[in-house]
Amino acid sequence: MQLYAILVAFSLHIGLILSKYACNSCERISMQPFINDGKHCSSKKESRCHYEGSYNLNQHHNYEQMYDKLQEIAAKCKDISEFYSIGESVQGRKLAVISFGMLGPDFPQFKYVGNMHGNEIVGRELLIALAHYLCENYDLDTDEGKRVNYLISNAGIHIMPSMNPDGYENATKNKEDWLQGRFNAHMVDLNRDFPDLDSYVIGRRVMQDHVRDPHFREEYYVAQPETRAIIDWLRSRSFVLSANLHSGDMVINYPFDVGPNPGSKEYSASADDDLFKYISSYYADRHTVLSVNSEDKKYCDGKRPPSFHNGTTNGADWYPLKKGMQDFNYLYSSCFELTFELSCKKFLNEDELYLYWWQNKEALLSYMELIFTGVHGVVRTSNGISVPDAAILIYEADDDDGEFEVIRHRVYTTSSGNYWRLLPLNLNKQYYIEVQYNGNLLAISEKLFSVNEEHRSHEESFYVDLDL
């Protein structure tokens, strides 16, 4: 009997290290109350829930540990990944990124950014776990492996676990304080530090993209080093889709974050309101609790804010703010970004972290796959020369009268002439495309097209007469 007990204990230990599968009790985790007591598994397999493959989900990573872990993952998967830094924090810590897959201008680029507020750690730890997951499952002949293979064979994935490493180190000194570590080392809230492009489009029927206002250069140079690094990163990559991960509530937040009356709570729709509502719901529906019984469950403050609908909210209708990163992505680049609020508590204990991986794992993967939806094509001259920085405008049919109206947000071709334009899959509208260069019309698509859940993407390339 004693020998049998030893063998059982040994086999369980090996299972923790080698298992690629979560325990059955992890299925029960997903149905726990919105706010829970930390006792999520009751079976003897409970400890397995703390692992994703060989990775222990219940661990904090300080700056050095995070940096080393990302380098370790990049070295293990060196054929498909790259470790790099986009700049430094105020105190000289690297803003570390690990990327996977196809990184050039011929492929769409995706990014996740965590820990913008240093004391909000769930995003930081989720993204380290996600990097490990992508590396560990690549090239496996499993359903998960095939899914990862397709993703990183057709897109570039960039993961930044911490935009505010200085704030995180400060937050560790008092983990219970609601504000300690939120700001960077200059005591600046990085999510209020981006150039204010909202002011130039909110309430106006103007194009909502690549806004070049006279104060932008001045605002850029007085921004914090972490903020400037993100702006330079946006300039250097053909990002199409993004999310930044926060704590303090549980909801998926979409643009705009401010309305025509700054400070007042009122819905502020962007030109792509249908798209933002679609991709927000797409994440919330695949999260294990965000949209489940959302009218009845207890929220972080014990009640549901009136702007919350099935786990999503318009930013200005819930928590108005100016100069945020989400709106800046949309207005300055061809990238659509959401803000994920993923935990009530900010600095989670280590033994709480595994729950949030299982709540978010499927949603994190599914959201990345949205990069392949909408319309993609290339713009070249009749001689086959790529046309960079050509503007792609989408016209959609009006539901009432069938007339076509432009969506007032352009995306732009990359240096290779490629473009990717996300569109919602749930409306089944008809569209056509117009291509402009320096304000001049180059081409119009010959046929109408639609995208939906059955036909998630549309290919439309253009060969134009243009003297380059």
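Which residue does a disulfide join to Cys300?

Modeller: Some ground rules come before the details. This is a predicted model, in which local features need pLDDT of at least 70, side-chain atom pairs count only at pLDDT 80 or more, and totals for chains, interfaces and linings use all residues. Residues are numbered from 1 along each chain as its sequence is written, and side-chain values use heavy atoms, leaving out hydrogens and water.

Now the bond itself. The partner of Cys300 is Cys344, with an S to S distance of 2.0 Å. A disulfide here is a pair of cysteine sulfur atoms within 2.5 Å. In general, such a link is a covalent bond between the sulfur atoms of two cysteines. The torsion about the S-S bond of Cys300 and Cys344 is about -80°, so this disulfide is left-handed. Cys300 sits in the loop between helix H9 (273-286) and E9, while Cys344 sits in the loop between E10 and helix H12 (353-369), so the pair ties together parts 44 residues apart in sequence. Helices (H or I, at least four residues) and strands (E, at least two) are DSSP runs, numbered from the N terminus.

How covered are the two ends? Buried means under 20% relative accessible area, exposed over 50%, and partly exposed in between (1.4 Å probe, protein chains only). Cys300 has 24% relative accessibility and counts as partly exposed. Cys344 is buried at 18%. Cys335 is also buried, with a relative accessible area of 0%.

Strands count as paired if DSSP finds at least two bridges between them. E8 (residues 249-254) and E10 (residues 336-343) are antiparallel, with 5 bridges. There, Val251 stands opposite Glu341. E8 and E9 (residues 312-314) run parallel and share 3 bridges. Ile252 faces Thr312 in that pairing.

E8 itself is well covered. Of its 6 residues, 6 are buried, so the strand is largely enclosed by the rest of the structure. Asp249, Val251 and Asn253 point one way, whereas Met250, Ile252 and Tyr254 point the other way.

Helix H11 (residues 325-332) is mostly covered too, with 8 of its 8 residues buried. Among them are Met325, Phe328, Tyr330 and Leu331.

Next, the core. A nonpolar core is a set of buried Ala, Val, Leu, Ile, Met, Phe, Trp, Tyr and Cys residues joined through side-chain atoms within 4.5 Å. The largest one has 121 residues, and Phe340 and Tyr367 are among those with the most contacts inside it. H12 gives this core its largest share, 11 residues. In soluble globular proteins, nonpolar side chains tend to be buried together. Contact means heavy atoms within 4.5 Å. Leaving aside neighbours within four places in sequence, Tyr367 has contacts that include Phe336, Leu338 and Phe340.

There is another disulfide to note, for the count comes to 2. Cys77 is joined to Cys135, with an S to S distance of 1.9 Å. That link is right-handed, with 90° about the S-S bond. Both of its cysteines are buried.

Last, the setting. The chain has 12 helices and 19 strands. Of its 468 residues, 56% count as buried.
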